[in-house]
Amino acid sequence: MDTLTELLGGFAAAMTWQNLIFAFLGCLLGTIIGVLPGVGPVAGVALLIPLTLNLDPTGSIIMLCAIFYGTQYGGTITSVLLNTPGEASSAITTIDGYAMTKLGRAGAALTLAAVGSFVGGTIATIGLVAAAKPLGELGLLVGPPEFFALMVVGISLLVALAGKSMVKALISGALGLLISMVGIDPVAGAPRFTFGMDRLLDGVSFVAVIVGVFGLSEILSYRKNAETPLVHAPGMRSLLPTRAEWRRSAPAMARGTGVGFGLGLIPGMTGSVSSLLSYAAEKKFSRFRHQLGKGAVEGVAGPETANNAHANAALIPLFTLGIPASPTIAVLMGAFLQQGLTPGPSLFTEHSDIAWAIIASLFIGNLLLLLLNVPLVGLWTSILRVPTPILTALILLFMVIGAYTINFSVFDVFVMIGFGLLGLALRNLDIPLAPMVLTLVLGPLMERSLRESLEISQGDFSVFVNRPISAVLIGLGVLIICSPLLKFRKPKALTEDPEA
Amino acid sequence: MESVVTKPRSTSRVAPSVLTGIGAFTAVGVYVLVSSVGLGLWTSLGPGPGLFPFAMGGVLVAMSALWLVQELRRPSERSEGIDRGVVIAVGVSLVVLASVMDLLGFQLSMFLFLLYHLKLRGGRTWVSSLIIALAGSVGAFYAFNYGLNVALPVSAFAPLNLIGL
C-alpha cells in the first residue's frame with residue numbers, strides 16, 4: 001500500500017465521530033493547560049492520561065496528541081494579552097505580542113499566531129507523512145546495538161542541551177534511569193531496589209512520577225498572594241489582521257516553519273529554542289526588523305509558527321525510530337507503551353492502521369485548534385480570571401485522581417507526593433528536570449537493548465564499535481558528552497532556554 | 001511557570017542546600033553501587049541485573065564529586081528559596097488525604113480536602129467553597145465512575161458505604 005492510500009485510511013479512522021470527539025476534547029483541554037501558567041505540557045499530558053485509560057488505543061493517543069499540540073496554541077494567549085507566557089515556548093512572543101496589545105492589535109496578533117501555528121503544524125505533519133515510510137523501513141534494519149547507540153545519542157543531546165550545567169543534567173539523567181530500574185529486572189527476573197515492598201515489584205508508576213516531579217513541584221513552589229490577573233479579551237471585530245499584516249507575516253511564517261521543523265527533529269531541542277531562534281531569524285532577515293520589540297507582526301508570527309512546527313516535527317523521531325525528542329514526547333511515548341503500542345518502526349508494521357489514524361488526526365487537530373482558538377478567545381481569557389486558590393485546588397484534585405487511577409491504589413498518590421518533593425528540591429538546586437523524564441521512559445528500553453547486544457556478542461563490548469552505524473552513533477554520543485571539555489560554546493538560545 | 005527574568009542573588013560561599021543536595025546524591029549513588037554488586041554484575045549468560053544500576057550509581061557519585069569541586073571553586077547563585085507554608089500546607093493535606101481516602105471514600109475525603117484549600121487556605125466564601133468542593137468530590141466521582149468507567153474508591157465504613165459514599 002502506498003503512503004497516500006494509508007493516509008486516506010487513517011483519515012477514515014480519525015473521522016469517526018468518537019475519534020473526532022476525542023480530538024476535540026484533547027484540543028480543548030490542551031488549550032486550557034496552555035492558557036494556565038503553572039501547568040506545563042509535560043505535567044498536563046501526564047495528568048490527563050487517566051482520562052484515556054479506558055479508551056481504545058487510537059482514541060487515547062489521538063486525545064493525548066491533541067492535548068500536546070493544544071498546549072502550544074494556548075500558551076500564546078497569555079503571552080499576547082498578559083505579557084505572561086502560558087508555556088515556556090511562547091515566552092519570546094510576549095515581546096511583540098504584548099506590544100501589539102498595547103497598540104490595540106491584540107486580536108490581530110492572536111489570529112496571526114493561530115494561523116502561523118496551523119501552518120507550521122500542518123507542514124510539519126506533512127513532513128511526518130513523507131518521512132514515516134522511508135525512516136520506518138530504515139529503522140527496521142536497526143538491531144539492539146544500533147538501538148542502544150541511538151538512545152545514547154538522544155539522551156546525550158538532551159543532557160548536553162539541558163540547563164546550564166552538564167554535571168547537573170547528568171545527575172538528573174542518572175536519577176531517571178535509576179527510578180526506571182525499580183522493580184523486577186526484565187532479563188533475570190530479580191527484584192531491584194524494591195525495599196521488600198511488593199507494590200514496587202512492577203516498578204514505580206510513570207504517571208505518578210511525572211505528575212509529582214513536573215506538576216506538584218510547580219504548585220509547591222507557588223508563592224503566596226499570587227494575584228488574579230486583569231485581562232480583557234479582544235472583540236470579534238478586531239480579530240481580523242489587515243492586508244499589510246498578512247503580507248508581512250507570510251515570510252515570517254515560512255522562516256518559522258523551517259527553523260521549527262529542522263530543530264524539532266533533533267532530540268534535546270525544545271520548542272523554546274525554536275521560537276528564540278525564529279525571533280533571531282526575524283531580527284536578521286525581516287524587512288521590518290527595526291520594528292521588532294515595538295509590536296511587529298513578524299515577532300509573533302515567526303516564533304509561534306516555529307514552536308508548532310517544532311512540536312509536530314518532534315513526533316517524527318518518535319513515530320519512525322521510537323526516540324522521544326523532548327520531555328512531553330517522552331510522556332506521550334509512555335502513554336503509547338501503556339496502551340501496548342511501541343513507537344518506532346514496528347508501529348507501522350504491527351499497528352499500521354492506528355499509526356496512520358493518529359497521523360491523520362494531527363491534521364484534523366490543527367484545523368480544530370485554528371477554528372477553536374481565535375473565536376473562543378473570550379472563553380480562554382475567562383479561565384485566567386479564576387482565582388488562584390480555586391485553580392490550585394482543582395489541579396490538585398486532578399493530580400490525585402491521575403495518580404490514583406493508574407493502579408487504583410493510594411500508594412501511587414504517596415509516590416506522587418514523594419516525587420513532588422523531590423521535584424521541588426531539584427528545582428531549588430537548579431537541576432534540570434527534562435533529562436530525568438527522558439531517561440525514565442527510555443531506561444528500560446535502553447537497558448534491554450544493552451543486555452541483548454551483550455548477549456549477542458557473548459559479553460564482548462566491542463559489538464558497539466564493530467558495527468558501523470552503532471560505532472558512528474556511539475562516537476557522536478561521546479563527542480556530545482565531552483563537548484564541555486572541548487570548550488564548545490553553547491549558543492545563547494540554549495543557555496537561556498526556560499524549558500531546559 | 002518558571003521565571004525567566006528574575007536574577008538570583010550571588011554568593012561567595014557554598015549554600016547549605018547545595019551541600020545537602022550533593023551529600024544526598026552521593027549517598028544514593030553509594031547505596032546503588034553497593035546494592036548493584038549484591039544483585040550481580042555479570043552472570044554466565046552475560047550482563048547481570050546489577051550492571052546497569054552499577055554504572056548509574058557510578059555516574060551519580062562521580063557527578064556529585066564534580067559538582068562539589070565546581071561549587072568549591074565557584075559557588076553557584078542562590079535560588080529564591082521556597083515558601084515553607086505552601087509546602088507544608090499542600091504536602092501535609094495531600095498525605096492526610098491519601099491516608100484516609102480508602103477509609104472514608106473518595107467523595108468525603110476529597111470534599112474535606114477541597115474545602116480546606118478553598119475556605120481555610122484560599123479564603124473563598126462558604127457558598128463558592130461548598131459548591132466547588134461538592135462538584136470536585138461528588139461530581140468527579142460520578143463523572144469518572146459512570147462517564148469514564150474509572151472506579152474511584154468508596155468508603156470502607158459500612159454506614160458511609162450504605163449512603164453511597
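1. A salt bridge is a side-chain nitrogen of Lys or Arg within 4 Å of a carboxyl oxygen of Asp or Glu. A:Arg248 and A:Glu298 meet this rule, at 2.9 Å from N to O. A:Arg248 lies in helix H10 of chain A and A:Glu298 in helix H12 (residues 298–313), so the pair ties together parts 50 residues apart in sequence. Helices (H or I, at least four residues) and strands (E, at least two) are DSSP runs, numbered from the N terminus.

2. This is a predicted model: local features need pLDDT of at least 70, side-chain atom pairs count only at pLDDT 80 or more, and totals for chains, interfaces and linings use all residues. Residues are numbered from 1 along each chain as its sequence is written, chains are lettered from A and ligands numbered from 1 in the order in which they are written, and side-chain values use heavy atoms, with hydrogens and water left out.

3. Stay with A:Arg248. Its relative accessible area is 18%, so this residue is buried. (Buried means under 20% relative accessible area, exposed over 50%, partly exposed in between, with a 1.4 Å probe and protein chains only.) A:Glu298 is buried too. Beyond four places in sequence, A:Arg248 is in contact with A:Phe288, A:Gln291, A:Ala296, A:Val297 and A:Glu298. Contact means heavy atoms within 4.5 Å.

4. H10 takes part in another pair. A:Glu282 and A:Arg255 form a salt bridge, at 2.9 Å from N to O. A:Glu282 is in helix H11 (residues 271–285) and A:Arg255 in helix H10 of chain A, so parts 27 residues apart in sequence are tied together. A:Glu282 is buried at 0%. A:Arg255 is partly exposed at 25%.

5. Now the interface. In chain A, 68 residues are in contact with 62 residues of chain B. The buried area is about 5,600 Å², 79% of it from carbon and sulfur atoms.

6. Check H9(A). A kink of about 40° is centred on A:Gly212. (The bend at a residue is the angle between axes fitted to the seven residues ending there and the seven starting there.) 15 of the 15 residues of H9(A) are buried, so the helix is largely enclosed by the rest of the structure.

Note on methods:
Buried area is the accessible area (1.4 Å probe) that two parts lose on being put together, summed over both.
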